[in-house]
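Please have your viewer ready with a cartoon view and a selection panel. The stops below go from the whole chain to its parts.

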Amino acid sequence: MADTAVIYCSRTGFSARYARWIADALNADLYRYKTVDTALLTPYKTVIYGAGFYAGKLKGARWFTRVIRPLTACKVIVFATGSMPHVQPQDLRQEWDMTFSSSEQERFRLFYLPGGMNYARLSWLSQGMMRLFRFYMLHSSKTRPDTKQLMKRLDRSVDYTDKKAIRPLVAEAERP
Ligand SMILES: Cc1cc2nc3c(=O)[nH]c(=O)nc-3n(C[C@H](O)[C@H](O)[C@H](O)COP(=O)(O)O)c2cc1C
């Protein structure tokens with residue numbers, strides 16, 4: 001059995017791709033969201049959870065925090081993917097605050113990996129929601145000009161995934 005588990009929740013494939021790359025790099029066991037429970041994760045020294053941001057929150061985070069909470073001794077790493085090619089850690093404060101409590105944010109090591117947008121794998125409802133969100137962001141006076149530029153590109157599918165982006169996360173997982 002490996003000493004690291006990688007769990008992912010992925011609707012359109014971006015987080016799944018990163019989870020596979022990370023599991024390969026660390027020789028870790030790979031699991032899909034909701035196929036594991038606290039008992040199964042107990043032997044692992046490190047647990048990594050990855051998912052996409054949806055409407056500003058990390059998908060599946062509520063389930064993950066419930067499963068991981070009793071395992072106080074293991075190292076926990078969380079990665080999020082999103083539609084932005086690059087973000088500064090401070091730009092994600094709102095998303096992390098909406099997703100995790102302050103004590104969870106202190107305990108978990110948080111990473112952002114560039115995802116993209118895959119309209120072909122979204123339901124009509126999700127496509128509609130995304131188009132509404134994009135419209136709102138493009139017309140809101142609160143949206144920064146650089147974010148507006150990025151939102152403009154989301155009129156079609158884009159893929160920003162990059163295997164090199166996992167390096168800091170892998171280094172963190174390998175740190176004793
Ligand atoms: C309805 C909807 C809402 C989204 N909301 C956000 C968001 O708030 N922030 C963001 O960066 N990306 C957002 N995205 C883009 C996804 O986070 C991005 O495509 C992510 O990589 C998907 O990961 P997955 O394919 O593993 O589920 C949204 C996408 C959809 C369809």
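The tour covers overall shape, domains, the nonpolar core and the surroundings of the ligand.

This is a predicted model, in which local features need pLDDT of at least 70, side-chain atom pairs count only at pLDDT 80 or more, and totals for chains, interfaces and linings use all residues. Residues are numbered from 1 along each chain as its sequence is written.

**Whole protein.** Start with everything shown. The protein has eight helices and eight strands; both are DSSP runs numbered from the N terminus, helices being H or I with at least four residues and strands E with at least two. Its C-alpha trace spans about 50 × 30 × 30 Å along the principal axes. The radius of gyration is 16 Å, which agrees with the value near 16 Å for a compact globule of 176 residues. That radius is taken over C-alpha atoms, and the globule rule is 2.2 Å times the number of residues to the power 0.38.

**Domains.** Colour 4-118 + 159-174 as domain 1 and 122-156 as domain 2. These bounds come from an automatic or database domain assignment. The centres of the two domains, taken over C-alpha atoms, are 24 Å apart.

**Nonpolar core.** Next, select V6, Y8, Y18, I22, I48 and F79, the residues with the most contacts inside the largest nonpolar core, which has 40 residues. Such a core is a set of buried Ala, Val, Leu, Ile, Met, Phe, Trp, Tyr and Cys residues joined through C-beta atoms within 7 Å. Buried means that 20 or more other C-beta atoms lie within 10 Å of a residue's own, with C-beta atoms placed from the backbone. Elements giving two or more residues to the core include β1 (4-9), α1 (14-26), β3 (46-54) and β5 (75-82). With eight residues, α1 gives the most.

Now centre on Y8. Leaving out residues up to four places away in sequence, Y8 touches S15, A16, A19, R32, Y33, G50 and A51. A contact here means C-beta atoms, placed from the backbone, within 7 Å.

**Around the ligand.** Which residues are closest to the ligand? Select S10, S15, G52, G82 and G115, the closest of the 24 that surround it.

Notes. Buried ≥ 20, exposed ≤ 12 C-beta atoms within 10 Å, placed from the backbone. Contact = placed C-beta atoms within 7 Å. Near = placed C-beta within 6 Å.
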